[in-house]
Every structure is written in structure tokens, then in C-alpha cells.
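The stops below are meant to be taken in order.

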Amino acid sequence: MSRTLILAIVIAAIGAGGYYYLNQPEPTPAERLETAAEEAAEAVTDAASSVQDAASDAVDAATEQAAEAASSLTDQATEAASSVADQASEAASSVADQASDAAQEASDQVAALAGQGQELLNSWIQEGKLDPTNFDYDGIMTSLQDSNLATDLKDQAIKIVNDIKDSPEMIVQKIQELTNLLTQQ
């Protein structure tokens, strides 16, 4: 029963963390990934803490029952409590390792996304596609659509490029806006 309780608590904590993560408003892709990594780490830490609390509660309950039972039942309860504590400790360690891995992966993804946007922007400038006097709408749109940028970042960039096409008098301002978006400034 205590294993089921611990497993239910771990699943509930992970589910709550996932629900919180999925319903969190996110201003920019980079901030969203950074916040997600932090929230995932916090949720996993909370889950580990909940598991440890549950294990402690299970040990306390087992100890109280053992004191009331006969001496042979006391030995069995102590062994069961020790086993539960060992399993909870292993689960907490595993959850902490997973949180660390998730945080590192999210950090790596944030860095990769920022690098992709900067590389794309640099290629447009080097190829002369993004210049106030020479704006290659088709070339920029093709490279944007073929890029590995996050979907929402790509959509925002496409909107800005379309704004430039629709309002050429705003090209300098829109180029700066596009630069800020792709470099996450």
C-alpha cells in the first residue's frame, strides 16, 4: 500500500508540474524555455520532497503500528519501513537526476535556438538579403521557412518580414525588430 501511495504522490507531483508548465504564459521563446527548465527543476524538486515526506510519513505510521503489535510483527514492520525508505530514497535520487538532465537539456535548447536565429540573421546580412537598400523578400522567406527555428519564433519573424514588404518606409525599424527577435535582445 505504501508503494502505491508513494507512486501516486510521485505521479501527482509530476502531473501537477506538467500541468503548471503547460498552462504557464510565455513571453518569448528563449524566456519560455528558460522558465520551463526552471519550473521543471522546481517541480521535480517538489516531487522529490513529496516522495521523501510520504516515505517519512509511511515510516512513522509503520513505527506506530509496530509499537502496538506483538514483537514478531514489530520486526516485520521495521523491515518493511526500511524497505520503503530505501525505495523512496532511490526514487528521490532518480527524480533529482532527471530534473538535472531536463534542466541541462532545456538550457542547451535555449542556447541552440538563440544561435540559430543569429546564424540566420548573419547569413541574410552576408548575402545582402537584409539591407535597407536591398531587401530580398523571397530569399528571406525561403530561408525562414526552411529553418529549424521554433514555430512561434518563425511565425513572428515571417510577420515582420511581411510587414517590411507591405510597408517599405518602415524597413529600418522592422529590420531592427527582426534583429531583436532573432537574437533575443
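**Stop list**

Start at D53, which lies in helix 2; helices here are DSSP runs of H or I with at least four residues, and numbering goes from the N terminus. This is a predicted model, in which local features need pLDDT of at least 70 and side-chain atom pairs count only at pLDDT 80 or more, while totals for chains, interfaces and linings use all residues. Residues are numbered from 1 along each chain as its sequence is written, and side-chain values use heavy atoms, with hydrogens and water left out.

D53 counts as partly exposed because its relative accessibility is 45%; the classes are buried under 20% relative accessible area, exposed over 50% and partly exposed in between, with a 1.4 Å probe and protein chains only.

Then extend to E31, E34, E38 and D46, which together with E42 form a negative surface patch. A patch takes residues with over 30% relative accessible area and no salt bridge, joining like charges within 9 Å and nonpolar side chains (Val, Leu, Ile, Met, Phe, Trp, Tyr) within 5 Å.

Next, select residues 151-166, helix 5. Its 16 residues reach 22 Å from first C-alpha to last, close to the 22 Å expected at 1.5 Å a residue; the expected span is 1.5 Å times one less than the number of residues. Its buried residues include L153, A157, I160 and D163.

Which residue forms a salt bridge with D163 at 3.2 Å between the closest N and O atoms? Select K159 for that contact; a salt bridge needs a side-chain nitrogen of Lys or Arg within 4 Å of a carboxyl oxygen of Asp or Glu. D163 is buried because its relative accessibility is 19%, whereas K159 is exposed at 51%.

Now show K174, whose side chain meets that of D163 in a salt bridge (3.4 Å, N to O). This pair links distant parts of the chain, with D163 in helix 5 and K174 in helix 6 (residues 171-183), 11 residues apart. K174 is buried, with a relative accessible area of 14%.

Last, select E177, which makes a salt bridge with K174 (3.4 Å, N to O). Both sit in helix 6, 3 residues apart, about one turn. E177 is partly exposed at 33% relative accessibility. Display K159, D163, K174 and E177 together to view the salt-bridge network that links them.

Notes: Accessible areas come from the Shrake-Rupley method with a 1.4 Å probe; for residues, only the protein chains shown count as cover. Lys and Arg count as positive and Asp and Glu as negative; His and the chain ends are not counted. The place of a charge is taken as NZ of Lys, CZ of Arg, CG of Asp or CD of Glu. Helices (H or I, at least four residues) and strands (E, at least two) are DSSP runs, numbered from the N terminus.
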